[in-house]
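Hello,

Here is the structure I promised to pass on. Have a look at it first, and my notes follow below.

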Amino acid sequence: MRARCRIDKVISIMMSEESLICCIAGKDIMKVVEKDFGQLPDGEVVTAFTLENIKHTQITAISYGATWQSFSVERDGVKQELLVQFDDLAAYLDNPFHFGNTIGRVGGRLSKTDYDINGAHFTLTPNDHGNVLHSGINGFDAVNWHGEARNLGTAAEINFTRTFDDEFAGQLAAQVTYRLDDEDRLDIIFSGVSTENTLFNPMTHVYFNLVGKDQDISQHKLQIASRQHLEVDNHAIPTGNLIDNQNTKFDFAHLHALGQEHYDDAWVLDPSRQGEGVRLTSPDESLTLTVDSDRNGAVVFTANPDDSSDIKTALAIEMQTLPDAVNHEGFGDIVLPANETKTYTVTYQIKKSEDK
């Protein structure tokens, strides 16, 4: 286990076996902990990085898949986990639901396998009914990233970097940053630059349950700032049509319970919205998670990772440019021109009723 603190004006440093606490003029600031999470079959070490703020809110991300492994808050002195997650590496190596994974180069489904992006031609291997899901065999989620963490005082961040040379055109230098501050705000920042014209639409495949693991999420309340959703075919591939939400099961203009409906769908975020794109609350509204993005889509997926019943126990919220955008005019631009850096940010904010 390695613990780190990096800040310009550290007055004193106190290290314990489990964490490193930095103080500025006697005031506690962010904690940063780095430790081994396990080993891959080839012996490569997977590292877990944990950030903790002054409210004892913690996030952990592991280097395998640049995966968001944990997000917890403290309530009445008790830690409460907000993610559906695993505590051992073996589960992440056999993770068909992609719990917590960074997905890229392109998240969601692509309806074609052959592409010519302004002269850069490439062919992708299909992995889902002849289509490409979550970039297929080229995914960000199945490799070990290089990671570093640093303390910024009132915030701290984890930086993962990796260069990808795969079926997509160009050699892609990618970076994923998790940044937690003292106001319980988490930014996840994706950045990429490629040697050739390519596609870039990464996202975090994170699942939430605000009342606890294996608990029914049907009474969680959801609000999405959206007027339309994508029409899809029987393989969940967008047809290119946008459907109005009003008076359908897709209408989450106002906060209300999820109910028993199953969702694996994409909403078009309202570009003129005032406030966040997505709001999720616990049934009693004592916990509120808001999620916002600088891109135009929100995918919501309800699941039960055990597949043992019809009760849904996990809710994925995936913020990205609309799925299959490269194949539909008006869905958004996911082309990354050669030697140009693109950066996207998704912001998560957790609020507790006792903080009001």
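Let me start with arginine 105, which counts as buried at 0% relative accessibility (buried means under 20% relative accessible area, exposed over 50%, partly exposed in between, with a 1.4 Å probe and protein chains only). This is a predicted model, in which local features need pLDDT of at least 70 and side-chain atom pairs count only at pLDDT 80 or more, while totals for chains, interfaces and linings use all residues. Residues are numbered from 1 along each chain as its sequence is written, and side-chain values use heavy atoms, leaving out hydrogens and water.

Arginine 105 forms a salt bridge with aspartate 166 (3.1 Å, N to O); the term stands for a side-chain nitrogen of Lys or Arg within 4 Å of a carboxyl oxygen of Asp or Glu. The two partners lie 61 residues apart in the chain, and aspartate 166 is partly exposed at 22%.

By this rule there are 14 salt bridges. Among them, arginine 150 meets glutamate 157 with the closest N and O atoms 2.7 Å apart; arginine 150 is partly exposed at 38%, whereas glutamate 157 is buried at 2%. Shared partners also join Arg109, Asp128 and Asp264 into one network.

Best wishes

Notes:
Helices (H or I, at least four residues) and strands (E, at least two) are DSSP runs, numbered from the N terminus.
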